[in-house]
Every structure is written in C-alpha cells, then in structure tokens.
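Keep the structure in view as you read.

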Amino acid sequence: MDLKVDSEDMDLRQPPPSLEVFAHSSTLHGLAHIFSYERLCVKRCAWLLFFLSSLAVLLCVCVDRVHLYLEYPHVTKLDEVAAPSMAFPAVTFCNLNSFRFSRVTRNDLYHAGELLALLNQRYEIRDVHLVEESVLESLRLKADFHNFKPRPFNMREFYDRTGHDIGDMLLSCHFKGLECRAEDFKVVFTRYGKCYTFNAGGEGRPPFITSKGGMGNGLELMLDIQQDEYLPVWGDTEETSFEAGVKVQIHSQEEPAFIDQLGFGVAPGFQTFVSCQEQRLIYLPPPWGDCKVAPMDSDFFDSYSITACRIDCETRYLVDNCNCRMVHMPGDAPYCTPELYKECADPALDFLVERDNDFCVCETPCNMTRYSKELSFVRIPSKASAKYLAKKYNKSEQYIADNLLVLDIFFEALNYETIEQKKAYEVAGLLGDIGGQMGLFIGASILTILELFDYIYEVLKYKLCRCRGKKNNKHHNNNNNDHGTVLSMDDVKCHVANFH
C-alpha cells in the first residue's frame, strides 16, 4: 500500500533540537552559558546561580507590581478652567421662624398649640409669667375655645399660610444690576417650612447666566426678617427657633435644597458678602473609587445626588415608621398631624439624622457640582443711613437695625475648579513595569516567552508521537496479516515517521 505524506507530516520524525542548540539560539540572556558545549562545571554553575538570582529578583518585583495594581490606587487632579460665561447657581433661603404669629388662628392653636409650645395638654396658655402683655392679650383671644367647634386641619396648608411671604420680606432684589421681583422666586418647603429659591430652573426656564465675576454681577437681596412676627418661645421644640435671621443654601439646579443640614446663617444688622467658586468633582467608580454608578432607584427624583438620596431615605423611613410624611417630603403619603409630628415624626427624623447611619447610606455620585464660599460682613445700617432707611420703609430705626439684612452672592472670578480622580496605575503601566524588569534582569521579552513555549511544545509533541508509534507497532505485530486494519490519520503519520 502506497502512502503519501506531505513535508509537514514528515517533520514529525525529526527530533527537536538539543537543549544546547536551543540555548545558543534563544534570546534569553544567560541561557547559552548555562547549557554550553564546554565542560567547565564551575562556570556553568556560576551562570546558573546568577540567572536564578536575577529570576528571583524579577519575580519579587513582578509580585510587588501586581500587588500595587490590585490596590487600584488613584490620584486627584486639580485644575482651574476659565469660562466666557457660567450658569448662576440656585439660591434657597428660609426665615428661621417657620410661622407668623399674626397668621395663627384659633383653629390652628386648637390643633397645633401644643406642638408650637404655646399651649399645654389642657389647651391652656403655658408659662403665662413669661408672656409679654401685648402678646398675652392676643393669645388669650385666640386660645378662647369656649363654644368653639374645631374645623379640619392640614399641616401643609398651615405651613403655607403662616409662613413668611416673599412679598413682605423682599425689600430689594437685583441680579447683575437689573431689578428682580418676588415672581422670580419659587416656593419650596424644607424642614424650616416655607422657603424660596431664586434661579431654580426647570419647567422650561433655563438658569440665569452671568458673564462677569465680582460684586455687582450676582444676586443682591435686602430682606426684612419680620421679628415682630416671630412666635413667642416658651419651650424648646422642633418647630420653634431661638435665632433670628435667614438660612441660605447655594446649590445646583439639579440638586434639591437640604438647607437644615447644608445651609449657612445670615444675621440681621449685617450685609453678608458671599464669594463663590464652582467646583466640578469627578470621582472614579469601583474598584478605584466608591462613587455610585447605577442610576437612582427613586419614585421622587430623576437624577442622583447625596441630597436627593437623603430626602428619599428620610421619607421612606418616616412613612414606614409613622405612616405619614412631613410637609417638606415628596410623595403621596398623608401629611402627619400635629400629634404625629410631636410623638413620631420629629423624634424619628432626629434619630435618623444623628444616630442611625446604617439605614441611610448615600454614596457619592460620580459627577457632582458644589460651590465653595468665602463670607465677609459689614454692619448695616450705618448711623448715616439709619434714618433714611427708616423713612423709606416706614419703620423705626430700631426696627431697621433688628430686622434688615443684605445678602450679596457673586462669583469670585469667571472660572471653575475641577477636582478629578484619575487611575494612578493601569494595565499599560503594569505591563510596562514588568517588561522593563524582564529586560533588565534576564534580557527577556514577550517573544522570548513564546520561544520557550514553542520549544516545550515541540519536545512534548515529539515524545508523545514517539510513544504512540511504539504502541501502534506492537499492536500491528500482534494482529493476523489476513485481517484488514483501519488506520487513523494520526496513526499513519506516526507510523511512517517511525518506519523511516
């Protein structure tokens, strides 16, 4: 029987080159001296020792580099970028007094008098000896519940009706030198009650743009905090305040106000200058960082932010524990009654804010905008302007000193700061370090490693084929010559190679 075998198959009968031949042709440094044709054992042992030492150092360095890569280190890049124009931030402010005393009705006192610390549990005026005579007279009229039939009460309506009105508080407003009005402010509810946001955006209204930095190119407000409308304080409750002034938060339009935690105070009798700089922060996702990559799973907010996450969590916590929500919380759950405010909502929210860090875990978003602030103050009014302002607003000089404040918010310069996390050690750096160390210690590269694997493959292939050929020869010799034998192609190749 005539068998035809191509040149590639015939190569199977050729044994691989000897180790000495491979060592002299290999690009791996030192291998030719270890497997040399010379019989000098000392020299070969010395080269073997040097090679193994270099290999050991190389392995230690490579392990260190891999360990560094698996730590996923990052660095923070800080840069300042000039811009021809910038979007002005949203500015939210709240009067520190949530309810105007003159707007509190008899029905309000009946339902919420104990919550406001004005009445005791028996619907009587508490701590009468602390009450001013003028306030006591008005309060006695409102607290006279003889033959009184209470009407339905709603906390949202109560906050909205008794909260300070922007039309009464706003004495002057200018943005970039142009006059602004009360209609430019959007009503928002926070834990301070009824608040107002300038430049809120949304609803088809783009945010205001400023093209210059410095004073006169931002927002300037003159406010009357109306201290004569503050509730009398005879006890310490969540709904009353010991302070006078406003709370202010500067934030992006995409972020809801969280003014009770993130706001800063502005006192009457001062003009407060707030110099801002926009900061754009970019964080890395795991494993290099810990920012949140997944979209926000919320029924109340579309875009993720720490503030939105916190409000969402607080709302769910209160609905689960009190079966109601506070006025500033989103959703469709019923509003808490004054009794639930006092007995459940306020204590639960205080517990959540101060102690329960396991329930509300809000990760940092991968992209966020915040505003750094520098505050400075001057007294207002001056002695020279007190009489003029009193006449202009038809108030006494003492009233002006106790209630007037000016807030001036502007960009320090028309630039923004970028704070960006970057990967400090990537795959390219790891391969470069390992390749450089391989070249330094053993003179090897990726192709050198392929040479070693190719030689090992050829040796193993020859050994296996040789063993299979011997087994096939023995099998054929034991078979009867009258019986036909079916050979596989691999059997044919190995048999022919061994035959020759």
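Which residues of the largest nonpolar core touch the most other members? They are L109, M155, Y159, L231, L318, M326 and Y341, out of 38 residues in that core. A nonpolar core here is a set of buried Ala, Val, Leu, Ile, Met, Phe, Trp, Tyr and Cys residues joined through side-chain atoms within 4.5 Å. Buried means under 20% relative accessible area, exposed over 50%, and partly exposed in between, with a 1.4 Å probe and protein chains only. In soluble globular proteins, nonpolar side chains tend to be buried together.

The model is predicted: local features need pLDDT of at least 70, side-chain atom pairs count only at pLDDT 80 or more, and totals for chains, interfaces and linings use all residues. Residues are numbered from 1 along each chain as its sequence is written, and side-chain values use heavy atoms, with hydrogens and water left out.

Two or more of its residues come from each of α5 (106-112), α6 (133-142), α7 (155-162), α10 and α11. Helices (H or I, at least four residues) and strands (E, at least two) are DSSP runs, numbered from the N terminus. The largest share, six residues, belongs to α11. Look next at L231. Beyond its neighbours within four places in sequence, L231 is in contact (heavy atoms within 4.5 Å) with N97, F99, F101, V104, L116 and L118. A second, separate core has 33 residues, including Y196, F264, Y371 and L414.

Turn to strand β12 (residues 270-282), where S275 is found. S275 is buried, at a relative accessible area of 12%. With neighbours within four places in sequence left aside, its contacts are S372, K373, E374, F410 and E412.

Next, the open spaces. A pocket is found on a 1 Å grid over the protein atoms alone: it is an open set of points where a 1.4 Å probe fits, with protein on both sides within 12 Å along at least five of seven lines, and lining residues have an atom within 4 Å of a point. The largest pocket has a volume of about 770 Å³, counted as the space filled by probe spheres set on the points, which are joined across faces, edges and corners. Its lining has 36 residues, and K186, V188, P256, A257 and F301 are the closest to its centre. The largest share of that lining, five residues, comes from β6.

The second largest pocket holds about 560 Å³ of space. It is lined by 24 residues, with E255, S305, T307, M368 and T369 nearest its centre. β13 gives the most to this lining, six residues.
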